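Have a look at the model first, then try each task before reading its solution.

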Amino acid sequence: MNTLRYLLVGFIFGIVLTKSEAVSWYRIYEMFQFQSFHMYGIIMVSIVTGVIGIQIIKRKKIKDIRGLPIEILDKEPGSTRFWIGGIIFGLGWALVGACPGPIFILLGAGFIPVIFVLFGALFGTFLYGILKDKLPH
Amino acid sequence: MDFIFQTWPWYVSGFLIGMIMLSLIYFGKAFGMSSNLSTLCSMTGIGKRVSFFDFDWKAKRWNLIVVLGAMFGGFVATHFMNDSSIVAINPKTIAQLAQLGIDAPNGKLLPDVLFSIESLQSPKIIFILTIGGVLIGFGTRYAGGCTSGHAISGLSNFQIKSLKAVIGFFIRGLIMTHFILPLLF
């Protein structure tokens with residue numbers, strides 16, 4: 001039952017990201033060239049939807065599916081990490097036109113070369129795990 | 001019914017992505033795709049040597065199931081829900097890409113130059129794809145999240161840290177698109 005729930009959310013996510021073309025290298029390139037509102041519209045509307053939803057959850061103290069209070073954790077502390085990490089990710093994002101979600105979605109869609117992006121991303125994650133204590137956060 | 005096969009408008013897509021994040025919150029979880037990369041690393045047992053990966057990956061299994069669903073969704077949408085009108089990007093963008101030698105979309109999600117099977121004959125392309133992946137994996141973990149975790153989950157919850165990360169994504173994305181991509185192609 002639980003498995004089905006997550007499978008369904010993922011399934012819809014995969015369809016929406018494909019049909020909105022947020023998985024498209026072209027759309028990311030076009031976004032960074034400021035030549036279309038499409039991607040900005042998607043990101044803004046999803047944030048507005050999220051803000052409204054989270055405010056409703058917090059004000060009405062809505063319980064989650066198990067009846068427990070919903071707690072939305074703050075992001076980890078730090079400052080440097082957000083700037084530098086963000087900048088490094090942005091480079092990769094614009095280069096291969098995919099963030100982590102789309103890497104998996106595109107692989108599922110059958111774009112074989114994306115497997116190299118996934119291997120790279122796993123290696124990059126591993127590299128961070130090794131270097132973590134030596135990096136400024 | 002044509003609208004299903006065309007590009008979904010930004011207001012529909014954005015709303016649905018917001019709702020996906022909210023459903024995961026309702027399930028008592030958080031929306032974030034890049035943490036799956038850590039989970040996959042942890043599954044290899046590397047946690048014994050690298051403490052960063054020493055966590056109970058089984059607790060994160062739900063997110064891998066989301067990913068599995070997303071892969072299946074991507075398959076269905078790409079093969080059964082697309083017509084030739086998709087990826088109608090700005091003609092100016094197409095002209096710029098042509099100058100770089102990158103093929104126009106013509107109903108494709110991804111350029112053949114980078115993502116066709118033939119493109120794998122070029123070591124340069126394999127190198128670009130792999131390096132791009134390394135930057136994504138390293139950068140998202142360093143920043144503690146990607147587009148879903150920071151831009152959408154974080155900003156929806158008014159996290160200033162997420163705003164820093166998102167500005168970071170953008171600065172570098174702009175540099176890449178405007179200055180580095182033209183050098184590579």
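**Exercise 1. Work out how much area chain A and chain B bury between them, and which residues of chain A lose the most.**

Step 1. Buried area is the accessible area (1.4 Å probe) that two parts lose on being put together, summed over both. For chain A and chain B this comes to about 10,500 Å², with 78% of it on carbon and sulfur atoms.

Step 2. On the side of chain A, the residues that lose the most area to chain B are A:Tyr6, A:Lys19 and A:Tyr26, together 9% of what that side buries.

Step 3. A note before going on: this is a predicted model, where local features need pLDDT of at least 70 and side-chain atom pairs count only at pLDDT 80 or more, while totals for chains, interfaces and linings use all residues. Residues are numbered from 1 along each chain as its sequence is written, chains are lettered from A and ligands numbered from 1 in the order in which they are written, and side-chain values use heavy atoms, with hydrogens and water left out.

**Exercise 2. Describe the contacts across this interface.**

Step 1. Taking contact as heavy atoms within 4.5 Å, 107 residues of chain A meet 123 residues of chain B.

Step 2. Look for salt bridges (a side-chain nitrogen of Lys or Arg within 4 Å of a carboxyl oxygen of Asp or Glu). The rule finds 0 across the interface of chain A and chain B.

Step 3. Sort the side of chain A that touches chain B by class: 65 residues are nonpolar, 28 polar and 14 charged. Here Ala, Val, Leu, Ile, Met, Phe, Trp, Tyr, Cys and Pro count as nonpolar, Asp, Glu, Lys and Arg as charged, and the others, Gly among them, as polar.

**Exercise 3. Find the largest cavity and say what lines it.**

Step 1. On a 1 Å grid over the protein atoms alone, a cavity is a set of points where a 1.4 Å probe fits but cannot get out; lining residues have an atom within 4 Å of a point. Grid points are joined across faces, edges and corners, and a volume is the space filled by probe spheres set on the points.

Step 2. The count gives 1 cavity of 30 Å³ or more, and the largest cavity has a volume of about 190 Å³.

Step 3. Its lining has 17 residues, and A:Leu17, A:Ala22, A:Cys99, B:Thr147 and B:Ile152 lie nearest the centre.

Step 4. By class, this lining holds 14 nonpolar, 3 polar and no charged residues.

How values were computed
On a 1 Å grid over the protein atoms alone, a cavity is a set of points where a 1.4 Å probe fits but cannot get out, and a pocket is an open set with protein on both sides within 12 Å along at least five of seven lines; lining residues have an atom within 4 Å of a point.
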